[in-house]
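Please examine the sequence and the three-dimensional model shown below.

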Amino acid sequence: MTSATQTVEVPVWDAFIRVSHWLLALAVLVDWFTDEPRWMHVWFGYLAAVLVVLRVLWGFAGSGHARFSDFICGPRQVWSYLAGLIQFSSRRYMGHSPAGGAMIVALLIMVAATAGTGMVNLAQDEGAGPLSSVISKVERPARVPGQKRPPLLSKQVHETVANITLLLVILHIGGVVLASFVHKENLAASMITGRKRV
Ligand code: HEM
């Protein structure tokens, strides 16, 4: 029997969602802070790309709140949730909220774009990586000691896309903190335990 003061919790996030979320967060943060050593930046980038692909497949093959059909809503629902959130009156969701869902889609797209542009740059700059068989290395004048070579366009695009991704991550964490406060629950802890109160 459950007393009125006991909190009943139910599972909401499966093991794949939790493990892939924290690995993705780790990969994105490691990549943000390391340009060198090069191998580390490159391999954490691959890790992020693989996690995004697996998460997209899980959005169709997984069950419950992992499925895209569970949390992808139209813009009207997203705005109405956000408007309610800043007035502390929005409905609480067991899965992702409409705004959380929109942010997740944006994050998955931008992490994929960051990894993709990184691979294009790796192929053009070093003739390496999975895209080097389809994208040729760009021949450039030899490096002169003490002088910086102008960056390739693909490097500039990669950095701009990475900056936008980081901005989304900051908004994502801000949204998690705000929603946790409004709904009086610890959403980050739920992403660890996989459980939420009913
Ligand atoms: C680089 C950093 C991060 C990235 C790329 C990221 C990305 C994501 C993604 C893709 C999801 C969707 C999970 C899924 O359904 O598979 C998600 C959800 C979530 N993330 Fe993050 N995340 C990051 C950092 C963090 C941090 C630091 C926290 C802790 C404050 C956090 C807390 C959460 C929570 C609580 C959810 C579930 C939100 C909800 O209840 O709707 N994330 N994140």
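Around the ligand there are 21 residues, of which Ala25, Val28, His96, Gly100 and Leu187 come nearest; a residue counts as near when its C-beta atom, placed from the backbone, lies within 6 Å of the molecule. Two or more residues of this shell come from each of α1 (15-33), α5 (98-126), α6 (153-182) and α7 (187-193), and α1 gives the most, with 6 residues. Helices and strands here are DSSP runs numbered from the N terminus, helices being H or I with at least four residues and strands E with at least two. By class, the shell around the ligand holds 15 nonpolar, 5 polar and 1 charged residues. In this classification Ala, Val, Leu, Ile, Met, Phe, Trp, Tyr, Cys and Pro are nonpolar, Asp, Glu, Lys and Arg are charged, and the others, Gly among them, are polar.

The model is a predicted one: local features need pLDDT of at least 70, side-chain atom pairs count only at pLDDT 80 or more, and totals for chains, interfaces and linings use all residues. Residue numbers start from 1 along each chain as its sequence is written.

The largest nonpolar core has 13 residues, and Leu24, Ala27, Val28, Ala48, Leu51 and Val111 touch the most other members. Such a core is a set of buried Ala, Val, Leu, Ile, Met, Phe, Trp, Tyr and Cys residues joined through C-beta atoms within 7 Å. A residue is buried if 20 or more other C-beta atoms lie within 10 Å of its own, exposed if 12 or fewer, and partly exposed in between, with C-beta atoms placed from the backbone. Elements that give two or more residues to this core are α1, α2 (38-61) and α5, and α5 gives the most, with 6 residues. Leaving out residues up to four places away in sequence, Ala48 touches Leu24, Ala27, Val28, Asp31, Val111 and Ala115, a contact being a pair of C-beta atoms, placed from the backbone, within 7 Å.

In total, the protein has 7 helices and 2 strands, which follow the pattern β-α-α-α-α-α-α-α-β along the sequence. Its C-alpha trace spans about 75 × 30 × 30 Å along the principal axes, and buried residues make up 18% of the 198 residues.

Arg195 lies in strand β2 (residues 195-197). Because Arg195 has 14 C-beta neighbours inside 10 Å, it counts as partly exposed. Apart from neighbours within four places in sequence, Arg195 is in contact with Glu9, Val10, Pro11, Val12 and Ser190.

Terms used:
Contact = placed C-beta atoms within 7 Å.
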